[in-house]
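Dear colleague,

Please find below the structure that I am handing over to you. My notes on it follow directly after.

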Amino acid sequence: MKVFGIDIIRGSVRSRTKRPHFALVQRVDGEEVSVGEVSLYRLLRTVADEEPDILAVDSVQELAPTPQDLFAILQALPPATILVQSTGGEKQESLPRIAGRYNLKFNKYDPYAEARASAHVAELGGGAEVIAFENTCDIIVSRGRSLGKGGWSQNRYARKVHGAVRQTGRDVEAVLDREGLSYTRHEVKAFGGLGRVHFEVAAPREDIPVRNMRLPDVQVKVSGRRLDRIRYRPLSPAQRYLIVGIDPGTTVGLAALSLDGELVCQTSSRQMAMPDVIEALYTSGKPLVVATDVSPMPASVERIRRAFAAVAYTPKGDISVEEKKALCEGYPFHNDHERDSLAAAVAAYRHYQGKFRNIAKRVPPGSDLDEIRAGVVRGLPLEQILGRKGVPAPAEEAEEKGEVVPGPRDDRLLKLDGMVKSLRAHVTELQDEMAEKDREITRLEGLIGKERSRQAKDLRKEAEIAKRDEIITTIKKRLRREERKSKKLIRQIERLRRLSAQQAGEDRLPVKVLPSLSRDGVRSVDGDLGIGEGDVLYVKATAGWGTSVLDLLAQTGIRALLTREHDARLETEFLERELVLLDADAAGAEVRGRVGSVPKEGLEEAEERWEKRRARWTREKKSEMIESIYKEYLSEREREVKRHG
């Protein structure tokens with residue numbers, strides 16, 4: 001195993017002027033092989049070249065100040081390299097405390113010593129792996145260079161680049177198929193080939209057989225799918241050993257200490273039954289010692305102890321209240337039940353504390369102190385735990401393996417010859433068995449290939465179904481819009497039919513009534529009845545009109561607007577826009593609700609009067625214009641005479 005440990009020496013990743021420098025310690029198979037100082041850029045280059053199994057740091061904040069920067073750092077690491085925070089996951093502990101569990105001591109003010117400790121702790125299974133990516137990867141094959149502005153050979157050059165992208169995409173697809181990975185392919189067509197190929201592979205980044213690379217015309221980028229947040233996974237899933245104190249009764253008190261005397265769990269409840277106590281302890285750790293503050297141990301506590309096969313501890317006599325307060329000094333508690341359970345746990349810890357100190361002095365650095373202390377508490381000799389006893393002699397090992405130690409007698413050669421023949425026969429049997437297994441493997445690989453092909457076909461079918469479902473949904477939305485529009489038009493046709501039926505006869509014309517002379521009024525009538533060229537409109541009140549509504553009426557091409565009010569300014573605006581404004585009473589209009597009618601003869605007579613009015617207004621307009629031009633000419637002549645006189 002190759003492990004890199006780092007610790008910051010100077011600078012900071014948050015600073016723009018003082019870039020960080022790290023102490024780098026390299027360990028290979030439990031031996032330290034290199035120590036040096038590197039920048040962040042050189043560190044990432046070294047990791048990319050060496051591809052260690054673990055890159056250990058006491059805090060990821062030393063590498064990246066924000067989650068986005070940490071994602072970028074993890075993306076830059078080789079797929080086989082994991083980043084380990086040696087001080088734990090989201091709930092961190094100090095590095096000296098973590099290292100103490102493996103009997104490691106170092107100078108916490110020396111960056112090289114901290115880097116060495118981080119690497120050693122991670123190598124022994126301590127710390128937590130930093131998880132930033134899902135078990136899904138994206139492989140993007142794209143152009144490796146710009147096509148430029150063009151020239152005589154631009155089309156040929158584009159075909160060459162896009163053809164290279166297509167061929168590289170096929171090569172990547174062949175590698176994924178050979179490895180049996182499930183993926184989805186998306187491609188962007190371009191002139192002469194493909195401009196981009198995107199593979200969504202259902203596998204973690206370290207299992208992808210494709211690596212980032214840049215060719216003359218093509219580049220391949222492999223990136224993992226980011227998680228919503230950074231997560232941590234302990235390198236060693238084993239739970240910590242606990243010294244548990246229990247106070248039974250109506251209200252159960254529970255306290256648990258680590259083998260270093262740290263308070264891990266404390267609670268009390270009236271509704272806590274035996275299964276609840278066992279569940280609380282199981283989620284907190286692995287009970288090694290179960291203790292009470294009275295002697296002998298109550299039967300309910302004994303049942304809990306047996307459930308975990310833990311070592312029992314009881315004091316020589318019942319612990320008094322004063323002794324309990326002294327034992328619990330420095331630990332928090334909320335009631336007498338928590339105090340009693342905590343006192344029992346502390347008393348048990350102090351009973352074994354001397355042995356724990358002696359063990360720390362005798363075991364070599366790098367040993368898992370918790371496992372060794374647990375073995376000693378269970379009554380095993382320290383030498384047996386460390387493997388110093390029970391090692392067979394070399395001759396015994398040889399006999400156990402079936403080997404023969406040469407002796408002075410010559411008949412030993414005959415035995416060796418017989419053994420060789422026996423081994424050769426055994427090798428032949430193993431070769432036959434291996435050939436049979438190879439055939440079975442080939443058969444199973446064929447079945448797996450067929451199954452993967454079927455799964456790929458199903459995935460493509462599901463993708464096609466999803467695409468068609470989306471098209472159907474879009475068409476349904478359009479159909480609903482058209483149905484609403486059709487219903488609206490049907491209602492409008494019905495209104496127009498009723499309007500036509502209300503006509504008195506062929507000598508009368510229908511009239512559509514505006515609620516007001518405004519854009520909203522015109523639009524409401526247009527939405528209900530429709531306003532088209534040649535329609536006759538009637539408005540009850542003209543107050544509040546504006547020029548925009550007159551422009552809107554001019555666009556619709558109506559025949560005339562009827563009203564019973566007289567507004568000289570409105571008439572002038574109608575004359576200027578060549579619209580027709582008639583007196584409803586003079587035309588003989590009759591209005592009932594939103595519709596009405598007008599006699600054709602009366603409307604035509606009113607239109608003749610309006611045309612005479614328009615002709616008279618036009619003549620007056622022209623005469624005013626001529627008179628204005630004449631006056632302007634006289635004024636100009638007077639100024640010219642004065643200037644030359």
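This is a predicted model: local features need pLDDT of at least 70, side-chain atom pairs count only at pLDDT 80 or more; totals for chains, interfaces and linings use all residues.

Which backbone oxygen does the side chain of R211 reach? The backbone oxygen of I208, at 2.5 Å.

Residues are numbered from 1 along each chain as its sequence is written, and side-chain values use heavy atoms, with hydrogens and water left out.

R211 lies in the loop between strand 8 and strand 9; helices (H or I, at least four residues) and strands (E, at least two) are DSSP runs numbered from the N terminus. With a relative accessibility of 41%, R211 is partly exposed; buried means under 20% relative accessible area, exposed over 50%, and partly exposed in between (1.4 Å probe, protein chains only). Not counting residues up to four places away in sequence, R211 touches P79, R205, E206, V220 and V222, where contact means heavy atoms within 4.5 Å. V222 is eleven residues from R211 along the chain, and their C-alpha atoms are separated by 6.4 Å.

**D138**

D138 is found in strand 6 (residues 128-143) and is buried, at 11% relative accessible area. The side chain of D138 makes polar contacts with two side chains: that of H198 at 3.3 Å and that of R225 at 2.8 Å. A polar contact is a pair of N or O atoms within 3.5 Å; within protein, one must be able to donate a hydrogen and the other to accept it, and residues adjacent in sequence count only if both atoms are side-chain atoms. Beyond its neighbours within four places in sequence, D138 is in contact with H198, F199, E200, K221, V222, S223 and R225.

**Helix 5**

The 26 residues of helix 5 (residues 154-179) should span 38 Å at 1.5 Å a residue, and the end C-alpha atoms are 38 Å apart, which agrees; the expected span is 1.5 Å times one less than the number of residues. Among the buried residues of helix 5 are Q154, H162, T168 and L176. The cover over the buried residues includes strand 6, strand 7 (183-190), strand 8 (193-201), strand 9 (213-214) and strand 10 (218-234). Just after helix 5, G180 takes a positive phi of about 75°.

**Helix 10**

Helix 10 is largely enclosed by the rest of the structure, because eight of its nine residues are buried. These buried residues pack against helix 3, strand 11, strand 14 (286-291), strand 15 (311-313), helix 9 (336-362) and helix 11 (382-386). At the start of helix 10, a side-chain oxygen of D368 reaches to within 3.2 Å of the backbone nitrogen of D370. G379, which follows helix 10, has a positive phi, near 100°.

The largest pocket has a volume of about 1100 Å³. Of its 38 lining residues, the closest to the centre are E93, R101, P234, A238 and R240. Strand 10 gives the most to this lining, with four residues. By class, the lining of the largest pocket holds 13 nonpolar, 13 polar and twelve charged residues.

The second largest pocket holds about 680 Å³ of space. Of the 22 residues that line it, D177, Y183, A456, L459 and R460 are the closest to its centre. Helix 13 supplies the largest share of this lining, twelve residues. The lining has six nonpolar, seven polar and nine charged residues.

A pocket is found on a 1 Å grid over the protein atoms alone, as an open set of points where a 1.4 Å probe fits, with protein on both sides within 12 Å along at least five of seven lines; lining residues have an atom within 4 Å of a point. Grid points are joined across faces, edges and corners, and a volume is the space filled by probe spheres set on the points. Ala, Val, Leu, Ile, Met, Phe, Trp, Tyr, Cys and Pro count as nonpolar, Asp, Glu, Lys and Arg as charged, and the others, Gly among them, as polar.

**Helix 18**

Helix 18 (residues 600-644) contains I626, which is exposed at 55% relative accessible area. E607 also has its place in helix 18, but is buried at 17%.

Kind regards
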